[in-house]
Amino acid sequence: MLITRHAEARAVLDDAAYVPLPVRQDGAEGTLAWLRARVSRFSTGEIHAGRRRVLVELLAGLEPAELRRAAAAMTAERDGDWRGVPTAVLASALGVEDTDAVPADVPADVPADVPAAASGYLSGEETPQADAAVARLLTLAGVPVITLLLQGHAATEALIETALRHAEPGDDPEALLDETLRQDPPLRATRRLDTRTGETVTIDLVAANRDPDVFADPGRFDPTRGPSPHLTFGSGVRPCPAPGHALALAAGVLDALLSASPPPRPR
Ligand code: HEM
């Protein structure tokens with residue numbers, strides 16, 4: 001079933017009878033499949049609640065304003081080459097640094113290993129490259145920290161990339177990000193399994209975020225709209241636990257880029 005209306009999407013996301021699609025539990029230790037079987041994102045019930053609690057505690061130790069400042073500083077230091085900045089800032093805040101000190105044939109390399117592992121984290125596509133990246137990351141950090149890095153990586157970069165396409169001189173980074181999240185979201189859909197019927201439900205986040213019952217003139221990209229009840233960070237039982245962190249990382253990059261040279265791009 002495909003859900004496109006905002007109210008129906010919220011009803012599914014609020015209902016614990018809808019769960020994430022199951023992932024395989026028999027992956028060899030240290031592989032991507034093994035990791036996916038151990039993270040909050042794909043677990044349910046009490047196990048999900050316990051795993052999620054650990055992540056929320058880790059996130060509570062990070063200060064969004066500091067993430068924003070660090071992301072802006074690193075983007076400026078790299079002369080605007082912002083790719084990898086959100087992940088590098090988050091990794092450093094979580095105490096993960098690249099290191100040659102850990103004995104390993106091939107030492108972990110956060111800027112390369114996080115994207116490689118993240119590429120299959122949500123889709124479940126298992127590749128030797130993703131497995132090797134997970135194994136290397138496990139020499140630096142435990143499953144909860146790796147979860148945060150992999151969950152955040154692609155969505156935050158996609159948000160920045162899309163926001164830059166919409167940016168106009170003088171735009172306020174936060175307003176630009178809010179409207180990008182609503183109108184052109186980095187995550188286009190999320191899926192659930194209805195445990196009562198066995199049916200798979202796809203929630204079309206783009207359509208729900210443009211539901212005319214909720215958003216006036218929904219197709220128009222309007223950064224002056226103000227914060228809106230978009231569903232891009234999820235809702236209900238298992239929303240993104242890090243919307244403030246994601247926004248801070250993205251806003252920091254935009255602070256540096258938009259103040260350096262406002263990009264006069266068409267909307
Ligand atoms: C623009 C960036 C981001 C977007 C749009 C986003 C969106 C989401 C959404 C929609 C979910 C729920 C998925 C579902 O219901 O199926 C989710 C879960 C999650 N997100 Fe984010 N996220 C972003 C950035 C981040 C960042 C930077 C972090 C880490 C610092 C993070 C950590 C997580 C975690 C750990 C979960 C799983 C929560 C759970 O299992 O209960 N996200 N995210």
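Me: What is the order of the strands in the open sheet of four strands?

Reply: The model is predicted, so local features need pLDDT of at least 70 and side-chain atom pairs count only at pLDDT 80 or more, while totals for chains, interfaces and linings use all residues. Residues are numbered from 1 along each chain as its sequence is written, and side-chain values use heavy atoms, with hydrogens and water left out. Strands are DSSP runs of E of at least two residues, and helices are runs of H or I of at least four, numbered from the N terminus; two strands pair if DSSP finds at least two bridges between them. The pairing is mixed, and the order is β1-β4-β3-β2.

Me: Which residue in β3 is the bridge partner of Y18?

Reply: β2 (18-19) is an edge strand that pairs on one side only. β2 and β3 (residues 189-194) are antiparallel, joined over two bridges. The partner of Y18 in β3 is D194.

Me: Which charged residue sits over the ring of Y18?

Reply: A charge sits over a ring if NZ of Lys or CZ of Arg is within 6 Å of the ring centre and within 35 degrees of the ring normal. At 5.0 Å from the centre of the Y18 ring, the charged end is that of R196.

Me: Which atom is the only protein donor of the iron atom of the ligand?

Reply: Donors are N, O and S atoms within 2.8 Å of the metal (3.2 Å for Na, K and Ca); water is not among the atoms, so sites may look incomplete. C240 lies in the loop between α10 (205-208) and α11 (243-260). At 2.4 Å, the only protein donor is C240 (SG).
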